[in-house]
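Let us take a walk through this structure together, one part at a time. Have the picture ready, and turn it as you read.

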Amino acid sequence: MLKFTNVTKLYHTGDTALKDINIHIRPKEFVSIVGQSGAGKTTLLKLVLGEESPTEGEVIFEEMNIHQLKRKHMNMYRRRVGTVFQDFRLLPDKTAYENVAFAMEAAGRADFEIESDVPHALDLVGLRHKAHSFPDQLSGGEKQRVAIARAIVNQPEMIIADEPTGNLDPVNTYEIIQLLKKINDLGTTIILTTHNVGVIDNLGRRVITIKDGKVALDSIEGKYIL
Amino acid sequence: MIITKLRRTIKSGAISFWRNSSVSLASVLIMTVTLTVISMILFFGVVMSSTLETIKSKVDINVYFVKGAEEEEMIALSESLKQMPEIASVEYVSREQAYATFRERHKDEEATLQALDEIGENPLPASLNIKAKDPSQYDAIVEVLKNKEITTNDNGIVEKINYTKNKQAIDAITRIINASNKLGFLIAIFFAAVSILITFNTVRLAIYIFREEISVMRLVGASETYIRGPFVTVGILYGIVSAIVTVLLMIPLTNSLGEWTDKLGTGMNLFAYYQDHLVIIIVSLLVAGSTLGAISSFLAIRRYLKV
């Protein structure tokens with residue numbers, strides 16, 4: 001599904017963010033990427049989202065080289081990938097419902113689809129009763145759940161979750177991870193980056209450890225080892 | 001689908017305009033100042049042009065007759081001048097009329113009237129007041145008059161043609177007004193450019209606040225057009241609201257200047273002008289405001305769309 005082939009990323013300052021990365025992620029996998037701050041995890045995800053381009057090598061999603069996509073096709077590709085960020089990145093002047101609906105509107109979906117799917121997505125994350133609340137009226141955990149509803153509403157093939165529990169307490173962390181597991185069980189590939197040892201160890205799924213911009217470890221039922 | 005997209009764009013823009021009221025208020029205020037400055041500059045131009053026209057319309061040629069001139073001859077000259085295509089009107093003022101007008105004009109000046117009485121007879125000559133259709137034709141008319149037999153002949157009835165003196169004064173005023181118009185135009189361009197730049201920067205600042213959101217929109221796969229649409233709508237709304245505020249603001253402003261422009265001999269009342277041209281002013285301000293807002297938003301958002 002997603003393949004990194006000999007990917008190297010150098011920044012214009014000359015720093016090496018990633019060096020010769022080779023990773024193959026299969027459909028319906030739940031992959032955690034761990035590593036210390038500055039190891040290159042976020043750069044890896046930025047490459048997947050097309051926010052950054054590799055200096056060398058290629059990133060292939062379903063036979064498409066992501067970094068050779070034209071603007072229009074990049075938009076269409078991004079609609080196939082859901083994203084969840086540590087800082088939630090909700091649109092502050094839109095309600096929870098409107099934030100989720102925005103992703104569907106952006107994908108050009110019809111009104112009747114939006115009216116039926118948005119409440120369903122909010123149901124899935126347990127926030128239907130907060131549909132008309134604005135982000136600043138929601139707790140951190142609730143904001144992240146809205147972000148997850150937004151990420152899944154277009155039924156993406158893959159979800160990128162960049163430290164989604166980084167700003168959350170243990171209870172909310174547990175709930176968010178359970179939610180991601182549920183989404184994975186329904187058939188969506190999940191790529192998760194985290195610092196949380198407990199999360200990784202309890203998941204019992206594939207773990208890729210990045211160290212100094214290189215893949216240090218790639219284990220099928222891994223633990224958090226640095 | 002296009003209609004759905006348009007409807008969503010307008011709705012989203014309108015909601016954003018309303019929910020981000022403080023940013024909207026700041027932008028509307030700045031844009032109102034811009035539109036008011038531009039309007040006042042244009043009004044200044046109109047007042048100056050009207051003043052120039054008024055002054056030009058006051059130019060005329062006075063032909064003074066010798067005292068002994070026969071009335072038939074003078075009227076005949078008047079009639080023959082009326083036939084000239086360059087001439088708009090010819091008014092014959094008899095000696096008696098001139099005398100009566102003089103007395104009326106100086107009725108409060110006893111010394112002048114006493115002096116007049118002492119002369120014993122009417123010292124004022126009969127005259128013709130000639131107005132041309134176009135001020136540029138006066139020279140030609142004067143030439144024609146000077147060449148006429150009645151002027152050049154020893155027995156001619158014309159004593160004096162009083163034009164050159166008026167002309168010099170009027171030319172001087174025309175030059176001053178033209179120069180101030182040119183200077184006004186340069187100042188106008190400068191102020192308009194500064195105002196537009198300030199508006200552009202305000203809109204850019206308003207959009208800068210949303211830069212994070214724009215990058216999120218990009219990451220959920222929204223197209224450039226889809227992201228840009230609501231921002232351009234908001235820009236247009238800034239323009240429309242500012243235009244309406246400017247139109248309302250102009251009412252007391254032109255009203256207070258109206259009487260002043262009237263008294264100053266500009267040949268117009270600014271308030272009356274404003275009322276007469278209200279529809280075109282409203283349409284122009286709406287078009288100018290919404291175009292300014294739309295272009296500012298369109299350009300300002302460009303740099304944040306690169307994600």
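Before we start, one term is needed: two residues are in contact if their C-beta atoms, placed from the backbone, lie within 7 Å. Keep in mind, too, that what you see is a predicted model.

Start with chain A. Of the contacts in chain A with a separation of 6 or more, 66% are accounted for by residues 24 or more positions apart. The secondary structure of this chain comes to seven helices and 10 strands. Its radius of gyration is 17 Å, close to the 17 Å that the globule rule gives for 226 residues, so chain A is as compact as a globular protein of that length. Taken along the principal axes, its C-alpha atoms fill a box of roughly 45 × 40 × 35 Å. Of the 226 residues in chain A, 45% are buried.

Now zoom in on some strands of chain A. Find strand β9, residues 206-211 of chain A, and strand β3, residues 30-34 of chain A: these two run parallel and are joined by four bridges. One place to look is A:I33, which stands opposite A:I208 in β9(A). Strand β9(A) also pairs with strand β10, residues 214-219 of chain A, this time in the antiparallel sense and over five bridges. Here A:V207 has A:S219 in β10(A) as its bridge partner. How many residues lie between β9(A) and β10(A) in their hairpin? There are two, and A:D212 in the turn has a positive phi of about 50°.

Next, move to chain B, which has 12 helices and four strands. The radius of gyration of chain B is 31 Å, well over the 19 Å that the globule rule gives for 307 residues, so chain B is more spread out than a compact globule. Its C-alpha trace spans about 100 × 40 × 30 Å along the principal axes. Buried residues make up 31% of the 307 residues in chain B. Among the contacts in chain B between residues at least 6 apart in sequence, 84% join residues at least 24 apart.

Finally, look at where the chains touch. The contact takes 18 residues from chain A and 17 residues from chain B. On the side of chain A that touches chain B, α2 (71-78) and α3 (96-106) of chain A each supply at least two residues. Which of the elements gives the most to this side? That is α3(A), with four residues.

Technical notes:
Residues are numbered from 1 along each chain as its sequence is written. Chains are lettered from A and ligands numbered from 1 in the order in which they are written. This is a predicted model: local features need pLDDT of at least 70, side-chain atom pairs count only at pLDDT 80 or more; totals for chains, interfaces and linings use all residues. The radius of gyration is taken over C-alpha atoms; the globule rule is 2.2 Å times the number of residues to the power 0.38. A residue is buried if 20 or more other C-beta atoms lie within 10 Å of its own, exposed if 12 or fewer, and partly exposed in between; C-beta atoms are placed from the backbone. Two strands pair if DSSP finds at least two bridges between them.
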